[in-house]
Structure formats: structure tokens, C-alpha cells
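Subject: Structure handover

Hi there,

Here is the structure I promised to pass on to you. Please open it alongside this email, and my notes follow below.

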Amino acid sequence: MKPIKLARILLISVLLSCEKSPPIAAAFSLLTSKVVTTITPKSEKLHFRKDKRSPEGFLRYHKKYGRQTFQWRCKIVESLNNTEVGKTPKELLDQVPRVLTSCARDRTSEGAKQAQLLLNRYVREVEAGNRYAAPEVQLFNIAMDAWVKSRRSDAPEKIKGILKTMQDLRLNHNLSELIPDVISLSLFCLAWARSREPIAAEKAHEILNYMERRGLRPNTFTYNAVLLSHVHSNKRDKALAVESLINHMKERCNAGNTECCPDICSYQSLIAAWSRTSMYGTPQKAEEVLHFLDEESRNGKEDLRPNCHCYVAAIHAWS
């Protein structure tokens, strides 16, 4: 559902439930603020090759290129299936990362399953002693990304299996370079966050602590994944946990680690966390974050300008 449409629905719910009360003024002040001017008119949309996320651009792009990509992918998979394990030529193995990326872009369960099958075939080539099979961490990260984008509840277990495969190859085939990096573990965190399991926040924090102990320097993407896991949790004090983690990000950023500075997605998670808890004074807390972002954007930090999702979450806090 589009953010603007959702904002209207939430506003109507406020009007029906809280007639002639302070939340009405707050909701109207949010809708009539400068965020309306940030919406891109349809006439200013980018070319569909650059903006495939718009419905029109998505349909035009896939009508022209989707069928060709699918046929090419099927051809590569068929060629792999018709080739004996251990004797796959270099030209065919070099296509595997591209096919994996294509599967991940599907954002579907079937795409993730196909990516897993391709990764398994590549691993079998390594185990069979194919000299052209040279696995890299990026290859496994693409397969993990496919599972994350599928939004399946068992995605964390699938990624855990991929990490176990990396460990087995590293130990049994002397591939010392197959060590999970920041991207690998960040995707693991995001998989837990999107699974919406009751233990997701705890598991994401365990991964974050492991990264910090190993000196892997978690970045903003990593922290945002952990923040999202708290937003989707059922804990009553989840907003306090999100706020504490953002303060930790600020401390590390001020200490010189600019790779983990809070961005608009971080504060969006904070507003969403305040809007989804029953603690006293949560609407005011959500508005405080919103006003902070507005003030920061006026001071020159355009990347912290509140977006539609921030305003929708703040309105939701009043409903």
C-alpha cells in the first residue's frame, strides 16, 4: 500500500476515534507540513531503465527485458544440468554469479530456491576438484541475499546452512579466504529481522555482538537490520531498545567510525517503534524524533529529511 494512501486511512481512523481531541491537530499538522513538497510528480519520474520501481516502469522494463532474462537463465541452468559434475567448463561457471544475481532480483521464494540449487552445484564442482571453480565470499552473499529478499520465515536457517557450507569448504579444501564478511553477517541479521520470529531481536543482537568482538566493524546497514528486528518484536519496551542502539551508533560515529552513522532509515525505525508500543507518551516521543529530523534537514543534512514513512508512523502513534 502506498504511504500517502496509508496516511489518509490512518488520519480517518484518528478522526473517527478521537473527535475534537489533541491528536487531530497533531495529525493535520503532520499532513500539512513540508513533506508534501517532497513527493515526486509523475512527470518528473526517471526513465524506466533507471526507475523500475514505479509500476509503469516495472511493467515496461519486464515486458521488454524480463522474457529475455528468464530465457537466458533457463539456458544456463539447463547447460549445468546436462554437464557432468567436475567437468563444467570455465565459460559456464563464470555465468553462475550473474544467474544468482538474477534469481535474487526476483524477490520470490522460487528465485531463492533456484539460487540455492545453483550454489549447491558450484560447491559440488569445488568438491569434485574442478580447477575452474574458485568460490568467493561474494558468491555466497548473493545466495544469502536471495533468501533475505524472499522474506521466508525459514530464511535465517537457510543462511545458517550457507555459512556452514562456507566453513566446511574453508576447513576441508584449504580455502582460507572463505570467511564471512560484514555483508554476510548483515544479511543474516536482516533475515532474522524479516522473519518476525519472537527470538529475532535476540538473534540479531547476538550476531551484532559477534561482529564487534571479531572486529568486523558493523556498518549502518547492519545496525538498521538489528533496529528492524526490534520494531517487529512484541516487547513493550522495544522503543527504548531502538533508542539505545541509535545512541550507540552516534557514539561510534562521533568516535570516527563514519560507516555506522544513523541515517533516515534508523530514525524511521525509531518512530515506528514508538508508534507500536503502548508506553505512556509515545505519540509525543514520535513527534520529537520527527521535529529533530526536520531541524537537522534545515541545518543542511538533506539525507535526514523526513520521508513519507516517517510521517505515516508518527500519525499511527496518534491513532
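Predicted model: local features only at pLDDT ≥ 70, side-chain atom pairs only at ≥ 80, totals over all residues.

The secondary structure of the protein chain comes to 15 helices and zero strands. Of its 319 residues, 44% are buried. I also looked at how far along the sequence the contacts reach: among those between residues at least 6 apart, 66% join residues at least 24 apart.

Now the core. The largest nonpolar core has 76 residues, and Phe-140, Met-144, Ile-159, Ile-271 and Leu-293 are the ones with the most contacts inside it. Which helix gives this core its largest share? That is helix H7, residues 137-150, with nine residues. Leaving aside residues up to four places away in sequence, Phe-140 touches Leu-119, Val-123, Pro-135, Ile-162, Thr-165, Met-166, Leu-169 and Leu-178.

Next, the pair H8 and H9. Helix H8 spans residues 155-172 and helix H9 residues 182-195; they pack at an angle of about 160°, with their axes 8 Å apart. Angles over 145 degrees count as roughly antiparallel, so that is how H8 and H9 run relative to each other. H8 passes H9 in a left-handed crossing. On the H8 side, the residues that meet H9 are Ala-155, Pro-156, Glu-157, Ile-159, Lys-160 and Leu-163. Their partners in H9 are Leu-187, Phe-188, Ala-191, Trp-192 and Ser-195. Sorted by class, this contact has eight nonpolar, one polar and two charged residues. Ile-159, in this contact, is also one of the residues with the most contacts inside the core.

The other pair is H14 (residues 282-298) with H15 (residues 308-318), where the packing angle is about 160° and the axes are 8 Å apart. H14 and H15 are therefore roughly antiparallel to each other, and their crossing is left-handed. H14 brings Pro-283, Gln-284, Ala-286, Glu-287, Leu-290 and Leu-293 to the contact, while H15 brings Cys-310, Tyr-311, Ala-314, Ala-317 and Trp-318. By class, the contact of H14 with H15 has nine nonpolar, one polar and one charged residues. Leu-293, on the H14 side, is another of the residues with the most contacts inside the core.

Best wishes

How values were computed: Residues numbered from 1 in each chain as written. Heavy atoms only, no water. Core = buried A, V, L, I, M, F, W, Y, C linked by side-chain atoms within 4.5 Å. Buried < 20%, exposed > 50% of the residue type's maximum accessible area, 1.4 Å probe, protein only. Helix = DSSP H or I, 4+ residues; strand = E, 2+ residues; numbered from the N terminus. Contact = heavy atoms within 4.5 Å. Axes fitted to C-alpha atoms, helices over the stretch in contact; angles between N-to-C directions. Parallel < 35°, antiparallel > 145°, perpendicular 65-115°, else oblique. Left-handed = near helix turned anticlockwise from the far one by under 90°. Nonpolar A, V, L, I, M, F, W, Y, C, P; charged D, E, K, R; others polar.
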